[in-house]
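Hi,

Here is the structure I promised to pass on. Have a look at it first, and my notes follow below.

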Amino acid sequence: MCPRILVFILLLIPTCASIAQAPANGSAANNSGANGTATKDTAECGIKSIQTCALHVAQDEWGIVTAPLRLRQPDALKVVSFGLGTTLAFATDVNAMEELGLNPSREHNANTYSNYAGLYAPLGAVTIGYLAGIAKHNRHLQETSVLAEEAMVDSFILNTGLGYGIDRQTPMQGNGKGNLWPHGPKTWPDGQSMPSDHSILAWSFAHVVAQEYNGWGTKLTVYSLAASVSAARVIARKHFPSDVFVGGVLGYYIGGYVFRRRSKEGPVKNDFSLSSVQTPNGKGIELSYNFSH
């Protein structure tokens, strides 16, 4: 069995179990209120309440998957923009990759960067952030770490399902044109190029952090990181531009959904600050971060 399918199944087992154990009624079990907006419950996810974490992931995943059924008129412009952007990117994918050209060294470096910045760094950040939050009794930092991880798990589950459903070849597979279901079900799966795993994970992580610590410095940092990861996946020829576009949009949406659904501590502003400093080599700019929140 493909390792990716195995991981997907292992994630679905606690998810399905959590849904089965969720109460049929009550605000804690509802994904949305009467007006279709996300509602919050009082249970908290933590290292001592893994079942609650699995339940939250299950509830949020259901809310994310069924979101198209709750679309309202104000959402129409966003949906149309997403569709047009995806269509445009998809139509220009092959030309974009041809213009990019082949460069093994550049591709290797871009792949290495995207793995560290798009996978290892976010996972390390949520782990260190959660432990630091416990040590410093900083509930806001704990919440940020938990919600960012929940968003990434939701993103991974959705992206895995979409990847196998779309079955698109990567730029390095087949004829390099990113064909969908190139050989039908006979050789399935042929590729999981769309959406991009790295992109959806990086953007879901970034949106949660940017909402929890919503100063401009944080937003600039995390969104720049996510954008660079998306670009690196294309440069590494692991994905087409449309793959990272779709992954980025979905990741951004998932991060925002999880934040609105689960955040209790609220955003903190002005976490980053810039100031001029005098150095032996002349004037410079100092970037500082306030850990006191």
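Which residue takes a positive phi just after α7? That is Arg237, with a phi of about 60°. A word on the basis: this is a predicted model, where local features need pLDDT of at least 70, side-chain atom pairs count only at pLDDT 80 or more, and totals for chains, interfaces and linings use all residues. Residues are numbered from 1 along each chain as its sequence is written, and side-chain values use heavy atoms, leaving out hydrogens and water.

Helices here are DSSP runs of H or I with at least four residues, numbered from the N terminus. α7 itself covers residues 216-235. Its buried residues (under 20% relative accessible area; exposed is over 50%, partly exposed in between, 1.4 Å probe, protein chains only) include Gly217, Tyr223 and Arg233.

Now the rings. There are seven aromatic pairs (Phe, Tyr or Trp rings, the six-membered one for Trp, with centres within 6.5 Å; planes under 30 degrees apart are stacked, over 60 edge-to-face, the rest tilted). Phe82 and Phe245 are stacked, at 6.1 Å centre to centre and 20° between the planes. Phe82 sits in α3 and Phe245 in α8, so this pair ties together parts 163 residues apart in sequence. Tyr253 and Tyr257 make a tilted pair, with 40° between the planes. They are four residues apart in α8, so about one helical turn separates them. Tyr257 is buried at 3%, while Tyr253 is partly exposed at 30%.

Finally, ring pairs link Tyr164, Trp181 and Trp188 into a cluster. Trp188 lies in the loop between α5 and α6 and is partly exposed, at 38% relative accessibility.

Cheers

Notes
Helices (H or I, at least four residues) and strands (E, at least two) are DSSP runs, numbered from the N terminus. The expected span of a helix is 1.5 Å times one less than its number of residues.
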